[in-house]
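Hi everyone, thanks for coming. Let me put the model up on the screen, and then we can walk through it together.

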Amino acid sequence: MVMKKAEIEDLNIVVKLKIDMFTEVGSISLLQDNAEEQIYEKYKELYQEGKGCHYLVYENDSVVACGGAVTVSYTHLRA
């Protein structure tokens, strides 16, 4: 098993796994019709700003897991 930090070039994999997660838990119908594209574009923007990071876990050259985080700002909630 090998863990690798995802790069912008890996975002297709990251987003696919995210969509798969929603599908597996039965929540895919709660997302917008173009959710995959929207998530990809937002992650790409966050990666370019240094505010996104994911790690991919490979086993036998296949991605078997992904985890990560993004930084968000809720300026409308500040006092």
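Leaving aside its neighbours within four places in sequence, which residues is L11 in contact with? They are Y40, Y43, K44 and Y47, where contact means heavy atoms within 4.5 Å.

A quick word on the ground rules. This is a predicted model, so local features need pLDDT of at least 70 and side-chain atom pairs count only at pLDDT 80 or more, while totals for chains, interfaces and linings use all residues. Residues are numbered from 1 along each chain as its sequence is written, and side-chain values use heavy atoms, with hydrogens and water left out.

Now to the helix pair. Helix α1 (residues 11-24) packs with helix α2 (residues 35-48) at about 135°, their axes 10 Å apart; axes here are lines fitted to C-alpha atoms over the stretch in contact, and angles run from 0 to 180 degrees between N-to-C directions. Helices are DSSP runs of H or I, at least four residues, and strands are runs of E, at least two.

From α1, L11, N12, V14, V15, K18 and I19 meet E36, I39, Y40, Y43, K44 and Y47 of α2.

On to the largest nonpolar core: twelve residues, among them L11, V14, I39, Y43 and L56. Such a core is a set of buried Ala, Val, Leu, Ile, Met, Phe, Trp, Tyr and Cys residues joined through side-chain atoms within 4.5 Å. α2 gives the most to this core, with five residues.

Finally, D10 sits in the loop between β1 (2-5) and α1. D10 counts as buried because its relative accessibility is 9%, and buried means under 20% relative accessible area with a 1.4 Å probe, protein chains only. Not counting residues up to four places away in sequence, D10 touches K4, K5 and L56.

Conventions:
Buried < 20%, exposed > 50% of the residue type's maximum accessible area, 1.4 Å probe, protein only.
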